[in-house]
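Please report on the structure shown below. Cover its surface patches, its strands and its salt bridges, with cut-offs stated.

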Amino acid sequence: MHVMTKVTLSVGGVLLLISAAVLVIGGASASDTSWWDDDSIGDEYWTGETSTTFSEKLNWDSYYLVYVEEGYEVDIEIYEGSNGGWGEFESCEEYDDCEDYDIIPGYDYIGEINVNASDDFEIEFTENEDRSVDVMIREEKIPVTSLLGMGVGFCGLCCSLLLLIIGGIMALILKDKPKVQTTIQIDNEMVVVQENPDESLYDQDETA
């Protein structure tokens, strides 16, 4: 078998095993988090009132579910982070999922906060009639490392399968063919000609 064919098949096989292992490990790690649950609301991160201002760190690899005291409407203002980070509030009405996460007694789910970088932020909550009502922020972490591992594993699987297919095609096209030998004798001089699909060798034997 051609050397290049062997190398292609070997690399493809090794890459297939490594990629499969990375995909399995990444999937197992991600499955241990609550992020996969459709009704997960994360962990309580901050609780206060509209009369107070949130001033803590928010992380880029998390999103923050916002709950307000049941029956009240609250406006949210997110200021630029201390290191230039920015965040935005997305109302649950935009995704029509208000009812999906509205599972905490005494609170209404109103939407989520996302930030582009881990930074210290200030957030002001204002009740429409300037009343002081309870506010809760819950953090749901995204298993970024596990998801990246799964992505790398999947891409590796695709590449390894491609290499194995290419190696298989090369094995069929470049498989060894029997040598053809032709002997010609001219005036007591014998010339042996060997023909090979990959290369041609000419061996000359002289006889006394």
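Patches are built from residues with over 30% relative accessible area and no salt bridge; like charges are joined within 9 Å, and nonpolar side chains (Val, Leu, Ile, Met, Phe, Trp, Tyr) within 5 Å. Accessible areas come from the Shrake-Rupley method with a 1.4 Å probe, and for residues only the protein chains shown count as cover. A salt bridge is a side-chain nitrogen of Lys or Arg within 4 Å of a carboxyl oxygen of Asp or Glu.

This is a predicted model, in which local features need pLDDT of at least 70 and side-chain atom pairs count only at pLDDT 80 or more, while totals for chains, interfaces and linings use all residues. Residues are numbered from 1 along each chain as its sequence is written, and side-chain values use heavy atoms, with hydrogens and water left out.

**Overall layout**

The protein chain has three helices and 11 strands. Helices (H or I, at least four residues) and strands (E, at least two) are DSSP runs, numbered from the N terminus. Along the sequence, the pattern reads α-β-β-β-β-β-α-β-β-β-α-β-β-β. The protein chain has 208 residues, and 31% of them count as buried. Buried means under 20% relative accessible area, exposed means over 50%, and partly exposed lies in between (1.4 Å probe, protein chains only).

**Surface patches**

A nonpolar patch on the surface is formed by Ile165, Ile169, Leu172 and Ile173. Together they have about 440 Å² of accessible area. Ile165 belongs to helix 3 (residues 144–173). Ile165 has a relative accessible area of 52%, so it counts as exposed.

Glu73 sits in the loop between strand 3 (62–69) and strand 4. Glu73 is exposed because its relative accessible area is 55%.

**Strand 4**

Side chains alternate along strand 4 (residues 74–78). Val74, Ile76 and Ile78 point to one face and are buried. Ile78 has a relative accessible area of 16%, so it is buried. The C-alpha atoms of Ile78 and Glu88 are 6.7 Å apart, although the two are separated by 10 residues along the chain.

Strand 4 pairs with strand 7 (residues 119–127) in the antiparallel sense, over five bridges. Two strands pair if DSSP finds at least two bridges between them. Ile76 has Phe125 in strand 7 as its bridge partner.

**Salt bridges**

Side chains of opposite charge can pair when their charged atoms come close. The count here is three salt bridges.

| Pair | N to O distance |
|---|---|
| Arg131 and Glu127 | 3.2 Å |
| Arg131 and Glu129 | 3.2 Å |
| Glu139 and Lys141 | 3.6 Å |

Glu127, Glu129 and Arg131 are linked in a network. Glu127 is buried, at 4% relative accessibility. Glu129 is exposed, at 55%.

Glu139 pairs with Lys141. Glu139 is buried, with a relative accessible area of 10%, whereas Lys141 is partly exposed at 49%.
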